[in-house]
Amino acid sequence: MGRLDGKVAVITGGARGQGAAEAEMFRDEGAQVVITDVLDEEGGRTAASLGVEFLHHDVSSATAWDAVVADTVSHHGRIDVLVNNAGILRGARLVNTSDDIWDQTVAINQTGVFFGMRAVAPQMIEQGSGSIVNISSVAGLEATFASMAYGATKWAVRGMTKIAALELGRHNIRVNSIHPGLINTDMTSEFDKDRMVRSIPMGREAEPSEVAAVALFLASDDASYCSGQEFTVDGGMHR
Ligand code: NAD
């Protein structure tokens, strides 16, 4: 028996990286999975190889969210899990953070998460259950260098998670945030990792599956009384 048998999960930014790892793990545990992304070719390839559904979706568009929810409910009948995973990182110090970096980062990383929670909540309220997992970052727990825009959005995701958990708890909808540290995906491929891992107690980066395992826990009924909480997956980096 799978830990997500009978559940329907939407995972944004699922074409690659952590989202793809979550899609694979959720599928293995019995969920019907819909991945969404702006990367159509990669998304289609990932979905075909995993045997899940792919939808083109820009998380910064409210109307695109309406379409994803309508499509998922019409094909699968319900939405039990939303993983708000899509995100971008455009590193810049305060004085170098252009309007464009700020606006795009907020639109995708923060407004996208808000739109996502707002779009699925009525369906989950009608069902009387649901789990929303928002992917924040260690940069949403502490100050990190050259991350004015990115850090602002990840702190916002952490706060929005708690507000949504407060409002939706009475409907049996749980909302939690995950705070990954250094994860081996395209997002970090240009990083100077040798220098970074020296500050990580476990002395290494993580594979996407190590974050997916925590997302799986939060998506499943194993986490039936966990809501409004931060789950850090960082090898001990934040302390
Ligand atoms: P990634 O770049 O491999 O994946 C991000 C995915 O989001 C990509 O497939 C991308 O196309 C998609 N995306 C970007 N803009 C989008 C949009 N407007 N609409 C829909 N999809 C969009 O990186 P990842 O590491 O898998 O990132 C997943 C999440 O984890 C992100 O929210 C990121 O901020 C967070 N995170 C990553 C790390 C890390 O070390 N990699 C650490 C902390 C937090």
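Mentor: One definition to start: on a 1 Å grid over the protein atoms alone, a pocket is an open set of points where a 1.4 Å probe fits, with protein on both sides within 12 Å along at least five of seven lines, and lining residues have an atom within 4 Å of a point.
Trainee: Which residues lie nearest the centre of the largest pocket?
Mentor: L89, Y150, M187, T188 and F191, out of 46 lining residues. This is a predicted model, where local features need pLDDT of at least 70, side-chain atom pairs need 80 or more, and totals for chains, interfaces and linings use all residues. Numbering runs from 1 along each chain as its sequence is written, and side-chain values use heavy atoms, without hydrogens or water.
Trainee: Ok, and where does the ligand sit?
Mentor: In the largest pocket, meaning more than half of its atoms lie within 2 Å of the grid points.
Trainee: How many residues surround the ligand?
Mentor: 28, with D37, N85, Y150, I183 and T185 the closest; the cut-off is a heavy atom within 4 Å.
Trainee: What about polar contacts, N or O pairs within 3.5 Å?
Mentor: The side chain of R16 has an N or O atom 2.8 Å from a ligand oxygen. D58 places a polar side-chain atom 2.9 Å from a ligand nitrogen, while a polar backbone atom of G181 is 3.2 Å from a ligand oxygen.
Trainee: And how much of the ligand does the protein bury?
Mentor: 96% of the 840 Å² that the ligand exposes when taken alone, by the Shrake-Rupley method with a 1.4 Å probe.

Terms used
Polar contact = N/O pair within 3.5 Å; in protein donor to acceptor, adjacent residues only side chain to side chain.
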